[in-house]
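Dear colleague,

Please find below the structure that I am handing over to you.

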Amino acid sequence: MMDRLWAALGAGLIALCAGAGASAQNISELDVTLSTSASASGLSGVLDQLMGMEAASLSGLSERRIRRIASPFAPAARNADDPRILSGAALDALNPPRGNAQWRCLTEALYFEARGEPIEGQYAVAEVILNRVDHANYPDTICGVINQGTGRQFACQFTYTCDGRPEEIADTGAWHRLGHIARIMMDGGPRDLTAGATHYHADWVSPNWSRIYPRTASIGIHAFYRQQY
C-alpha cells in the first residue's frame, strides 16, 4: 500500500516538473531520490522532499509561465514583436482616431462592453466581434453582428444595444483608446488571445450556451467560448 502511495506521489511530482520545464536529468534524479527516501525517512520525510523539489522546479519560471501552468483559461501570450499591438500609453499618445460606420460600430461596442476591462480584455472583445463577422452563422459586417437581434425581446446579441439606456459617450479618453484598438483589429491585428472565440459573458452570469461551447480563455471579468461549426 505504501509503495503504491509513494509511486503515485512521485509520478505526480514528476509530471508537474515536466510541465514546468524541469530537465530530464532533474526528473531522473527525483525518481532515484524518491526510491531511496522511501525506506530512509518514511512518508513525512518523502513529502518534505517532494515539496522542496517542487519549489525548486518552479523557482526558475516566470510569473506568466506559472499562470499558464495553473490555469488552462489564462490569456494567450501576445506576439511582443508585432508592431500593431500597442500598450495603453502608446494608444493614448496617438492622434484622435477616425473611421467609417463599421469602425464606429466596433468602437462603440468596445466602449460599452469592455471599457473597464484590462487592455487585453478590450482586444479580446474586438476579436470576438470580428470572429463573428467571419463565421457563417452571423452577419458579414461589424455593424450587422453588433446589432443582430436588437429590438426583439431576448434576441439582442450585445446587452448595451437593448438595455433601454441611452448610448452616451462620456469618457473621451476611453473612446480614444478603444477607437485605436478597433482600427488596429480591423486592419488585420492578430487575434491570438481567445482561440477563435465567438461568445463571451461576464463572470456573474451563466448563459445556457456556456455549458455547450468549449471555453477558450478568461480575461478580466469575461469568459470566452468558441461556437462549434
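R183 is partly exposed, as its relative accessible area is 25%; on this scale, buried means under 20% relative accessible area, exposed means over 50%, and partly exposed lies in between (1.4 Å probe, protein chains only). The side chain of R183 meets that of D187 in a salt bridge, with 3.1 Å from N to O. A salt bridge here is a side-chain nitrogen of Lys or Arg within 4 Å of a carboxyl oxygen of Asp or Glu. D187 itself counts as exposed, at 52% relative accessibility.

Before going further, please note that this is a predicted model, in which local features need pLDDT of at least 70 and side-chain atom pairs count only at pLDDT 80 or more, while totals for chains, interfaces and linings use all residues. Residues are numbered from 1 along each chain as its sequence is written, and side-chain values use heavy atoms, with hydrogens and water left out.

The salt bridges

How many salt bridges does a search of the whole structure find? The search finds three. In general, side chains of opposite charge can pair when their charged atoms come close.

One of them joins D92 and R177, whose closest N and O atoms are 2.6 Å apart. D92 belongs to helix α4 (residues 88-92) and R177 to helix α8 (residues 172-186), so this pair ties together parts that are 85 residues apart in sequence. Helices (H or I, at least four residues) and strands (E, at least two) are DSSP runs, numbered from the N terminus. D92 is partly exposed at 38% relative accessibility, and R177 is partly exposed with a relative accessible area of 25%.

Another links R191 to D134, with 2.8 Å between the closest N and O atoms. Since R191 lies in the loop between α8 and β1 and D134 in helix α6 (residues 119-134), the pair ties together parts that are 57 residues apart in sequence. R191 is partly exposed at 34%, whereas D134 is exposed at 55%.

Helix α8

Helix α8 has 15 residues and reaches 21 Å from its first C-alpha to its last, close to the 21 Å expected at 1.5 Å a residue; the expected span is 1.5 Å times one less than the number of residues. At the start of α8, a side-chain oxygen of D171 comes within 3.2 Å of the backbone nitrogen of G173. Just after α8, G188 takes a positive phi of about 105°.

The buried residues of α8 include W175, L178 and I181. Their cover includes α4, α5 (101-114) and α6.

A polar atom of the H176 side chain lies 3.1 Å from the backbone oxygen of L91. Leaving aside residues up to four places away in sequence, H176 touches L91, D92, L94, N95, P96 and P97, where contact means heavy atoms within 4.5 Å.

The sheet

Three strands form an open antiparallel sheet in the order β1-β3-β2; two strands pair if DSSP finds at least two bridges between them. Because β1 (199-202) and β2 (215-219) stand at the edges, each with a single partner strand, one side of each is left without a neighbour in the sheet. Four bridges join β2 to β3 (residues 222-225), and I219 stands opposite H222 in β3.

Yours sincerely

How values were computed:
A polar contact is a pair of N or O atoms within 3.5 Å; within protein, one must be able to donate a hydrogen and the other to accept it, and residues adjacent in sequence count only if both atoms are side-chain atoms.
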